[in-house]
Amino acid sequence: MEYLKPGNEIYDPEFQELPTEIEISQPMNVSAQWQTPGLYIAQRIFQDPLIRFIGEKYERDCLLTIIVLDSDPEQLLNKIFSIEQEMFKIFDGLRFDIRVRVIPLSEEISLIKKSTVAHFNRN
Amino acid sequence: MLPFEKYLALVSHDLKLFDLVTRLIPSSASKEDFSDWQVTILFYMACIFLKAACSLLGEDVQDHFMMRQIINNRQEFYSIAKAYRHLEEASRDARYEGRVFDKQYILDRLIPKFNSVRDCIVDLLKQKNISNIPSIEVEPLLKR
(Lines give C-alpha, C1' and ligand atoms only; values in the text may rest on other atoms or scores of the structure.)
Protein backbone atom coordinates (compact mmCIF):
# COMPACT_ATOMS: atom_id res chain seq x y z
CA MET A 1 0.00 0.00 0.00
CA GLU A 2 1.35 3.40 -0.92
CA TYR A 3 0.89 5.99 1.76
CA LEU A 4 2.57 8.93 0.12
CA LYS A 5 0.20 9.45 -2.75
CA PRO A 6 1.34 11.18 -5.92
CA GLY A 7 0.37 14.80 -5.69
CA ASN A 8 0.63 14.84 -1.92
CA GLU A 9 3.70 16.93 -1.43
CA ILE A 10 5.65 16.71 1.78
CA TYR A 11 4.77 19.51 4.12
CA ASP A 12 7.25 22.36 4.44
CA PRO A 13 6.58 24.50 7.53
CA GLU A 14 8.36 27.47 6.00
CA PHE A 15 5.88 27.79 3.19
CA GLN A 16 2.66 26.03 4.20
CA GLU A 17 0.09 26.29 6.91
CA LEU A 18 -0.52 23.12 8.88
CA PRO A 19 -3.68 21.49 7.49
CA THR A 20 -6.75 22.20 9.53
CA GLU A 21 -9.09 19.45 10.74
CA ILE A 22 -8.29 16.26 8.87
CA GLU A 23 -9.79 13.19 10.45
CA ILE A 24 -9.05 9.72 9.27
CA SER A 25 -11.87 7.22 9.31
CA GLN A 26 -10.82 4.79 6.60
CA PRO A 27 -7.42 3.84 5.22
CA MET A 28 -6.44 5.99 2.25
CA ASN A 29 -9.32 8.34 2.93
CA VAL A 30 -7.01 11.29 3.30
CA SER A 31 -7.04 14.11 0.82
CA ALA A 32 -4.73 16.53 2.54
CA GLN A 33 -2.92 18.96 0.35
CA TRP A 34 0.30 18.30 2.20
CA GLN A 35 1.57 15.08 3.66
CA THR A 36 2.73 15.61 7.23
CA PRO A 37 4.45 13.18 9.63
CA GLY A 38 1.32 13.03 11.76
CA LEU A 39 -0.95 12.20 8.84
CA TYR A 40 1.49 9.62 7.59
CA ILE A 41 1.68 7.68 10.83
CA ALA A 42 -2.04 8.14 11.61
CA GLN A 43 -3.00 6.42 8.36
CA ARG A 44 -0.92 3.42 9.37
CA ILE A 45 -2.02 2.89 12.95
CA PHE A 46 -5.43 4.47 13.59
CA GLN A 47 -7.26 1.15 13.37
CA ASP A 48 -5.52 -0.29 16.41
CA PRO A 49 -8.11 -0.50 19.20
CA LEU A 50 -5.66 0.81 21.82
CA ILE A 51 -5.25 4.13 20.03
CA ARG A 52 -7.44 6.82 21.52
CA PHE A 53 -6.26 9.93 19.74
CA ILE A 54 -3.71 11.19 17.23
CA GLY A 55 -3.12 14.90 16.87
CA GLU A 56 -0.46 17.13 15.40
CA LYS A 57 0.77 20.65 15.96
CA TYR A 58 3.65 22.87 15.04
CA GLU A 59 5.66 23.47 18.18
CA ARG A 60 8.74 25.66 18.30
CA ASP A 61 10.79 24.34 15.40
CA CYS A 62 9.18 20.98 14.72
CA LEU A 63 5.97 19.16 13.88
CA LEU A 64 4.85 17.34 16.99
CA THR A 65 2.56 14.33 16.65
CA ILE A 66 0.92 13.14 19.87
CA ILE A 67 -0.30 9.54 19.89
CA VAL A 68 -2.43 8.69 22.91
CA LEU A 69 -2.56 5.01 23.85
CA ASP A 70 -4.62 3.20 26.49
CA SER A 71 -1.65 0.90 27.08
CA ASP A 72 1.59 0.08 25.30
CA PRO A 73 1.97 -3.61 24.43
CA GLU A 74 5.22 -4.52 22.73
CA GLN A 75 3.62 -5.27 19.37
CA LEU A 76 2.04 -1.82 19.13
CA LEU A 77 5.18 0.04 20.17
CA ASN A 78 7.19 -2.00 17.71
CA LYS A 79 4.79 -1.01 14.93
CA ILE A 80 4.86 2.69 15.83
CA PHE A 81 8.64 2.87 16.06
CA SER A 82 9.07 0.85 12.86
CA ILE A 83 6.95 3.41 11.01
CA GLU A 84 8.97 6.17 12.64
CA GLN A 85 12.13 4.58 11.19
CA GLU A 86 10.60 4.80 7.70
CA MET A 87 9.66 8.40 8.35
CA PHE A 88 13.24 9.48 8.93
CA LYS A 89 13.87 8.59 5.30
CA ILE A 90 10.59 9.92 3.87
CA PHE A 91 10.63 13.22 5.76
CA ASP A 92 14.38 13.71 5.50
CA GLY A 93 15.23 17.27 6.51
CA LEU A 94 11.91 17.99 8.22
CA ARG A 95 12.05 18.26 12.00
CA PHE A 96 9.35 16.12 13.55
CA ASP A 97 8.72 14.51 16.90
CA ILE A 98 6.54 11.46 17.55
CA ARG A 99 5.34 11.58 21.14
CA VAL A 100 3.82 8.32 22.34
CA ARG A 101 1.80 8.87 25.50
CA VAL A 102 0.16 6.22 27.65
CA ILE A 103 -2.87 7.80 29.34
CA PRO A 104 -5.42 5.85 31.40
CA LEU A 105 -8.98 5.99 30.10
CA SER A 106 -10.03 7.70 33.32
CA GLU A 107 -7.88 10.69 32.45
CA GLU A 108 -9.35 13.24 30.11
CA ILE A 109 -7.32 14.54 27.19
CA SER A 110 -9.28 17.63 26.23
CA LEU A 111 -6.20 19.85 26.46
CA ILE A 112 -4.33 17.67 23.97
CA LYS A 113 -7.35 17.65 21.66
CA LYS A 114 -7.76 21.41 21.92
CA SER A 115 -4.13 22.18 21.14
CA THR A 116 -3.69 19.92 18.11
CA VAL A 117 -5.14 19.25 14.69
CA ALA A 118 -6.97 15.95 15.15
CA HIS A 119 -6.08 13.17 12.73
CA PHE A 120 -7.86 10.44 14.62
CA ASN A 121 -10.28 10.61 17.51
CA ARG A 122 -11.75 7.37 18.81
CA ASN A 123 -14.06 9.21 21.23
CA MET B 1 40.04 13.65 28.53
CA LEU B 2 38.50 12.69 25.21
CA PRO B 3 34.75 13.19 24.68
CA PHE B 4 33.95 9.46 24.78
CA GLU B 5 35.86 9.14 28.08
CA LYS B 6 33.84 11.99 29.55
CA TYR B 7 30.57 10.34 28.46
CA LEU B 8 31.56 6.93 29.83
CA ALA B 9 32.41 8.58 33.15
CA LEU B 10 28.97 10.23 33.07
CA VAL B 11 27.26 6.86 32.55
CA SER B 12 29.11 5.52 35.61
CA HIS B 13 28.01 8.59 37.56
CA ASP B 14 24.39 8.03 36.49
CA LEU B 15 24.61 4.39 37.57
CA LYS B 16 25.45 5.58 41.10
CA LEU B 17 22.29 7.68 41.07
CA PHE B 18 20.30 4.67 39.81
CA ASP B 19 21.77 2.72 42.73
CA LEU B 20 20.52 5.42 45.12
CA VAL B 21 16.96 5.59 43.74
CA THR B 22 16.57 1.81 43.79
CA ARG B 23 17.65 1.43 47.43
CA LEU B 24 15.35 1.29 50.40
CA ILE B 25 13.58 4.62 50.67
CA PRO B 26 14.08 6.53 53.97
CA SER B 27 11.00 6.67 56.18
CA SER B 28 10.51 10.38 55.46
CA ALA B 29 9.70 9.49 51.86
CA SER B 30 8.38 5.97 52.32
CA LYS B 31 5.15 6.67 50.44
CA GLU B 32 6.91 8.08 47.43
CA ASP B 33 7.26 6.09 44.24
CA PHE B 34 10.50 6.89 42.44
CA SER B 35 9.93 4.63 39.46
CA ASP B 36 9.66 7.79 37.35
CA TRP B 37 13.26 8.69 38.12
CA GLN B 38 14.44 5.09 37.77
CA VAL B 39 13.04 5.09 34.22
CA THR B 40 14.45 8.54 33.53
CA ILE B 41 17.94 7.55 34.65
CA LEU B 42 17.76 4.39 32.53
CA PHE B 43 16.97 6.50 29.49
CA TYR B 44 19.72 9.01 30.18
CA MET B 45 22.30 6.27 30.62
CA ALA B 46 21.26 4.89 27.22
CA CYS B 47 21.43 8.39 25.75
CA ILE B 48 24.91 9.10 27.13
CA PHE B 49 26.17 5.68 26.03
CA LEU B 50 25.03 6.63 22.53
CA LYS B 51 26.68 10.04 22.79
CA ALA B 52 29.96 8.28 23.62
CA ALA B 53 29.68 6.14 20.49
CA CYS B 54 28.56 9.09 18.36
CA SER B 55 31.58 11.12 19.45
CA LEU B 56 33.84 8.35 18.13
CA LEU B 57 31.97 8.42 14.82
CA GLY B 58 32.38 12.18 14.49
CA GLU B 59 28.75 12.99 15.35
CA ASP B 60 28.21 15.90 17.73
CA VAL B 61 24.76 15.30 19.23
CA GLN B 62 23.21 18.40 20.74
CA ASP B 63 19.51 17.57 20.96
CA HIS B 64 17.12 14.64 21.06
CA PHE B 65 15.90 15.15 17.49
CA MET B 66 19.43 14.83 16.23
CA MET B 67 19.91 11.66 18.25
CA ARG B 68 16.73 10.19 16.74
CA GLN B 69 17.95 11.12 13.27
CA ILE B 70 21.29 9.42 13.85
CA ILE B 71 19.96 6.18 15.35
CA ASN B 72 17.33 5.84 12.64
CA ASN B 73 19.76 6.49 9.80
CA ARG B 74 23.14 5.11 10.81
CA GLN B 75 23.61 1.40 10.25
CA GLU B 76 25.56 1.04 13.53
CA PHE B 77 22.50 1.97 15.59
CA TYR B 78 19.55 1.00 13.41
CA SER B 79 18.93 -2.27 15.27
CA ILE B 80 18.60 -0.54 18.64
CA ALA B 81 16.61 2.51 17.53
CA LYS B 82 13.22 1.10 18.55
CA ALA B 83 14.51 -0.02 21.95
CA TYR B 84 15.99 3.41 22.54
CA ARG B 85 12.77 5.13 21.51
CA HIS B 86 10.72 3.09 23.95
CA LEU B 87 13.11 4.12 26.75
CA GLU B 88 12.84 7.73 25.61
CA GLU B 89 9.04 7.83 25.45
CA ALA B 90 8.70 6.05 28.80
CA SER B 91 11.03 8.60 30.38
CA ARG B 92 9.05 11.48 28.86
CA ASP B 93 5.88 10.05 30.38
CA ALA B 94 7.76 9.66 33.67
CA ARG B 95 9.34 13.04 34.06
CA TYR B 96 6.77 15.26 32.35
CA GLU B 97 3.53 13.43 33.13
CA GLY B 98 4.23 11.63 36.41
CA ARG B 99 3.61 8.17 35.00
CA VAL B 100 4.29 5.51 37.59
CA PHE B 101 5.86 2.21 36.45
CA ASP B 102 5.48 -1.23 37.97
CA LYS B 103 8.79 -2.78 38.94
CA GLN B 104 7.91 -5.73 36.72
CA TYR B 105 7.33 -3.45 33.74
CA ILE B 106 10.78 -1.92 34.22
CA LEU B 107 12.36 -5.36 34.60
CA ASP B 108 10.54 -7.05 31.73
CA ARG B 109 10.13 -4.25 29.20
CA LEU B 110 12.70 -1.53 29.81
CA ILE B 111 15.82 -3.14 31.23
CA PRO B 112 16.21 -5.60 28.32
CA LYS B 113 16.03 -2.60 25.99
CA PHE B 114 18.57 -0.67 28.00
CA ASN B 115 20.83 -3.73 27.92
CA SER B 116 20.50 -4.03 24.14
CA VAL B 117 21.53 -0.39 23.69
CA ARG B 118 24.43 -0.83 26.14
CA ASP B 119 25.65 -4.03 24.47
CA CYS B 120 25.54 -2.46 21.01
CA ILE B 121 27.61 0.50 22.21
CA VAL B 122 30.09 -1.66 24.13
CA ASP B 123 30.64 -3.78 21.01
CA LEU B 124 31.21 -0.66 18.93
CA LEU B 125 33.66 0.75 21.47
CA LYS B 126 35.56 -2.54 21.51
CA GLN B 127 35.75 -2.49 17.72
CA LYS B 128 37.38 0.92 18.08
CA ASN B 129 39.91 -0.61 20.49
CA ILE B 130 38.56 1.31 23.46
CA SER B 131 39.43 -0.30 26.77
CA ASN B 132 38.35 0.52 30.33
CA ILE B 133 34.68 0.47 29.40
CA PRO B 134 32.71 0.62 32.65
CA SER B 135 30.53 -2.34 33.54
CA ILE B 136 26.97 -1.06 33.77
CA GLU B 137 24.62 -3.61 35.31
CA VAL B 138 21.26 -2.20 36.31
CA GLU B 139 19.13 -5.31 36.78
CA PRO B 140 20.70 -6.49 40.09
CA LEU B 141 20.18 -3.02 41.55
CA LEU B 142 16.47 -3.03 40.76
CA LYS B 143 15.98 -6.63 41.87
CA ARG B 144 17.29 -6.03 45.40
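**Helix over sheet, chain A**

I began with helix α1 of chain A, residues 37-45. It lies across β3 (51-59), β4, β5 and β6 of chain A. Against β4(A), the helix runs at about 25°. I note here that the model is predicted.

Next I looked up the sheet itself. It is open and has four strands, in the order β5-β4-β3-β6 of chain A. The pairing is mixed. Which strands are at the edges? They are β5 (96-102) and β6 (117-121) of chain A, and each pairs on one side only.

Then I took one strand pair. How many bridges join β4(A) to β5(A)? I found seven, and the two strands run parallel. Strand β4 covers residues 62-69 of chain A. In this part of the sheet, A:L63 stands opposite A:F96 of β5(A).

**Two helices, chain B**

I moved to α1 (residues 3-21) and α2 (residues 35-56) of chain B. Their axes come within 8 Å and cross at roughly 170°. An angle over 145 degrees counts as roughly antiparallel, so α1(B) and α2(B) are roughly antiparallel to each other.

I listed who meets whom. From α1(B), the residues include B:F4, B:L8, B:V11, B:L15 and B:F18. From α2(B), they include B:W37, B:I41, B:M45, B:I48 and B:F49. By class, this contact has 18 nonpolar, two polar and two charged residues.

**Cores**

I looked for the largest nonpolar core and found 36 residues in it. Among them, B:L42, B:A46, B:F49, B:L50, B:L87, B:F114 and B:V117 touch the most other members. The elements giving two or more residues are α1, α2, α3 (64-73), α5 (81-97) and α6 (103-127) of chain B. Which element gives the largest share? It is α2(B), with twelve residues.

Leaving out residues up to four places away in sequence, B:F49 touches B:V11, B:V117, B:R118 and B:I121.

A second, separate core has 19 residues, including A:L39, A:F53, A:I54 and A:I67.

**Where the chains meet**

Last, I checked the contact between chains. Here 14 residues of chain A are in contact with 13 residues of chain B. On the chain A side, α2 (74-90) and β5 are the elements that give two or more residues. The most come from α2(A), with seven. By class, this side of chain A has six nonpolar, three polar and five charged residues.

Methods: Residues numbered from 1 in each chain as written. Chains lettered and ligands numbered in written order. Predicted model: local features only at pLDDT ≥ 70, side-chain atom pairs only at ≥ 80, totals over all residues. Pairing = 2+ DSSP bridges. Contact = placed C-beta atoms within 7 Å. Axes fitted to C-alpha atoms, helices over the stretch in contact; angles between N-to-C directions. Parallel < 35°, antiparallel > 145°, perpendicular 65-115°, else oblique. Nonpolar A, V, L, I, M, F, W, Y, C, P; charged D, E, K, R; others polar. Core = buried A, V, L, I, M, F, W, Y, C linked by C-beta atoms within 7 Å. Buried ≥ 20, exposed ≤ 12 C-beta atoms within 10 Å, placed from the backbone.
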